[in-house]
Amino acid sequence: MKTKHIVLSGLGVFVLWIFFWPSEKDHLNAQMAELCKKDGGVKVYETVKLPAEMFDDLGNLKAGVNVRKGEQYVTQFAGAYELVTVPRMVLKDGDPLKGEGRLARHHSKLERISDGRLLAEVVNYYRSGGDRWFAGMPSSSTCRLNADFLHQVFKKK
């Protein structure tokens, strides 16, 4: 009889741990939410009017030329603007496939080549892993924002 009580107590503690004890995922999501609120999002400083031929039939800006400058990825638009993607900054490293959490910051900025003026930028945070358990693919989360800021900057003439 005593063994039955010990087993049931142990099972009860296990169930409480599974459902109510915060996981690394919970801690990283809270940290990510705070960072998203603090400096995440899209900031547009200047809009630019481009000729209609710079846009496709759906109104999207035509693809630019991709180049790599050192650690940065750069996409050039209209020969006059560069979208610079700064290398990912890992805030908390871990292997999500081993149940460890990872938190990273991504920053992209749009600049005019001629004078280096910053037209817009976007900062986003990504969390992956930190789950108690998962079946093949760890969970992930990101700031909820409109990252398609090119539509906010480039307008048709």
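In which loop is the place of Ala78?

Guide: Please keep in mind that this is a predicted model. Ala78 lies in the loop between β4 and β5, the latter spanning residues 81-92. The backbone deserves attention here: phi of Ala78 is near 55 degrees, which is a positive value in a residue other than glycine.

Let us now step back into the strand β4 itself, which comprises residues 72-77 and includes Thr75. Thr75 has a relative accessible area of 16%, and buried means under 20%, so Thr75 is classed as buried. Its surroundings can be named. Leaving out residues up to four places away in sequence, Thr75 touches Gly64, Val65 and Asn66, and also Tyr81, Glu82 and Leu83. With one of these residues, Asn66, there is a polar contact from side chain to side chain, at 2.7 Å.

For a further example, consider Asp131, which is found in another stretch of chain, the loop between β7 (118-129) and β8 (140-142). Asp131 is buried, its relative accessible area being 10%. Apart from neighbours within four places in sequence, Asp131 is in contact with Lys25, Gly99, Pro138 and Ser139. The side chain of Ser139 also forms a polar contact with the side chain of Asp131, at 2.5 Å.

Definitions and conventions: Residues are numbered from 1 along each chain as its sequence is written. This is a predicted model: local features need pLDDT of at least 70, side-chain atom pairs count only at pLDDT 80 or more; totals for chains, interfaces and linings use all residues. Side-chain values use heavy atoms; hydrogens and water are left out. Helices (H or I, at least four residues) and strands (E, at least two) are DSSP runs, numbered from the N terminus. Buried means under 20% relative accessible area, exposed over 50%, partly exposed in between (1.4 Å probe, protein chains only). A polar contact is a pair of N or O atoms within 3.5 Å; within protein, one must be able to donate a hydrogen and the other to accept it, and residues adjacent in sequence count only if both atoms are side-chain atoms. Contact means heavy atoms within 4.5 Å.
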